[in-house]
Amino acid sequence: MKNFLFLFILLIVFGCTQTSKSTSEVETEVVDSLRYADEVHLKNVRQLSWGGNNAEAYWSFNGSKLVFQSDYAEWGVECDQIFTLDVNNVEKGVRPPMVSTGLGRTTCSYFLPGDSLIVYGSTHLADSLCPPTPSRSSGKYVWPIYEGYDIFVANLDGEIVNQLTNEEGYDAEATVSPNGDRIIFTSTRSGDLELYTMNLDGSDVVQLTHELGYDGGAFFSPDGSKIVWRASRPQTEEEIAEYKDLLSQGLVQPTKMELYVANADGSDARKISELGNANWAPFFTPDGNKILFSSNHASQRGFPFNLFLINLDGTGLEQVTFDDTFDSFPMFSPDGKYLVWASNRNNGGNRDTNLFVAEWVE
């Protein structure tokens, strides 16, 4: 979550009044061609976007809308901007409402309680233009950690109503507790990429992680008592030197990440995966007992990425999707009946990453 849409490149080389309907009332159509035979946890898969790179789609509290980021050029944007989508009224070829400013680059949006406001990261105060993408001349796959990112609150008309962070460096990757009381986010304010929480108004900032390495992409459990996130932990002198050097350039290499869980205050932190390669985009299952995440741990060439389930103690690994390129950014609806995620499936063989929703089958 930072700009996770960049991850599709890795696949080549080797993120107002609401409707009253809940997700339980979403009418889905059976499209068997969008579900692979082994995907037994998915049912009635529907495609929600067609073109560009669309990802990090997260449900509103009432389960009727999604907020997501897209760089689809036909929607008039040059880099990632934030859009909302009514899951009950999706029309192919119609641009959904844009709720970011259209300036700079945005990332990691999330609804606030009441569903009339969203929180998201944006670089627009640092520069109205899209920031440059990292060079690949070194041969390393890297994510940019733009220092211009800060976290903002906007209404569904796209008007910014509050700025939650104002520190030097990177502040982004904000998600909200289901209890509606705290925001968790990633920041470089300590000199490293660490997790923090704050109140919905930006007050009472508390640092949760303190180990060297990238800590990011955090989410709360359904009852708000725990958090899950991805982290890198450079160990050798060479790994530490490389990590620090890249970070000084505003970059991070996300090819080695594992999953961690902790209490919501950061206590009792423990690593729950030891799979190798990149394990990321974790989200708690509706019962809070498992983590659904994206991984390429079985790959020798960087892809495919698929969704997997794992117990909180690291046992019971189970593959959920069976794509041959990319599945990631899973999130369960508030009622636990639906799953939304981003995938390269059904894109005609191009690089487009689109949004899909399915009924979840236990």
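These legends walk through several views of a predicted model, from the whole protein to single residues. In this predicted model, local features need pLDDT of at least 70 and side-chain atom pairs count only at pLDDT 80 or more, while totals for chains, interfaces and linings use all residues. Residues are numbered from 1 along each chain as its sequence is written, and side-chain values use heavy atoms, with hydrogens and water left out.

View 1. Helices (H or I, at least four residues) and strands (E, at least two) are DSSP runs, numbered from the N terminus. Along the principal axes, the C-alpha atoms fill a box of roughly 55 × 45 × 40 Å. The radius of gyration, taken over C-alpha atoms, is compared with a globule rule of 2.2 Å times the number of residues to the power 0.38. For 362 residues that rule gives a value near 21 Å for a compact globule, and the protein, at 19 Å, agrees.

View 2. Accessible areas come from the Shrake-Rupley method with a 1.4 Å probe, and for residues only the protein chains shown count as cover. The accessible surface is about 14400 Å², with 46% of that belonging to carbon and sulfur atoms. Buried means under 20% relative accessible area, exposed over 50%, and partly exposed in between (1.4 Å probe, protein chains only); 58% of the 362 residues count as buried. There are 25 positive and 50 negative side chains, and the centres of the two sets lie 4 Å apart. For this count Lys and Arg are positive, Asp and Glu negative, and His and the chain ends are not counted. Each charge is placed at NZ of Lys, CZ of Arg, CG of Asp or CD of Glu.

**View 3. The disulfide of C79 and C130.** A disulfide is a pair of cysteine sulfur atoms within 2.5 Å, and the structure holds one. The sulfur atoms of C79 and C130 sit 2.1 Å apart. Their S-S torsion is about -90°, so the disulfide is left-handed. The bond links distant parts of the chain, 51 residues apart: C79 is in the loop between β3 (65-70) and β4 (81-86), and C130 in the loop between β6 (117-122) and β7 (143-144). C79 is buried at 2% relative accessible area, whereas C130 is partly exposed at 29%. What about C108? Its sulfur is 14 Å from the closest cysteine sulfur, in C79, which is too far for a bond; C108 is buried, at 0% relative accessibility.

**View 4. Strand β4 and its neighbour β3.** Two strands pair if DSSP finds at least two bridges between them. Here six bridges join the antiparallel strands β3 and β4, and L66 stands opposite L85 in β4. In a regular strand the side chains alternate between the two faces of the sheet. In β4, Q81, F83 and L85 point one way and I82, T84 and D86 the other, and all are buried. A57, from strand β2 (residues 54-59), is buried too, with a relative accessible area of 2%. The C-alpha atoms of A57 and I82 are separated by 9.8 Å, and the two residues are 25 apart along the chain.

**View 5. The hairpin of β8 and β9.** Three bridges join β8 (residues 150-155) to β9 (residues 160-163), and the strands run antiparallel. A154 has I160 in β9 as its bridge partner. Four residues lie between the strands, and in the turn G158 has a positive phi of about 85°.
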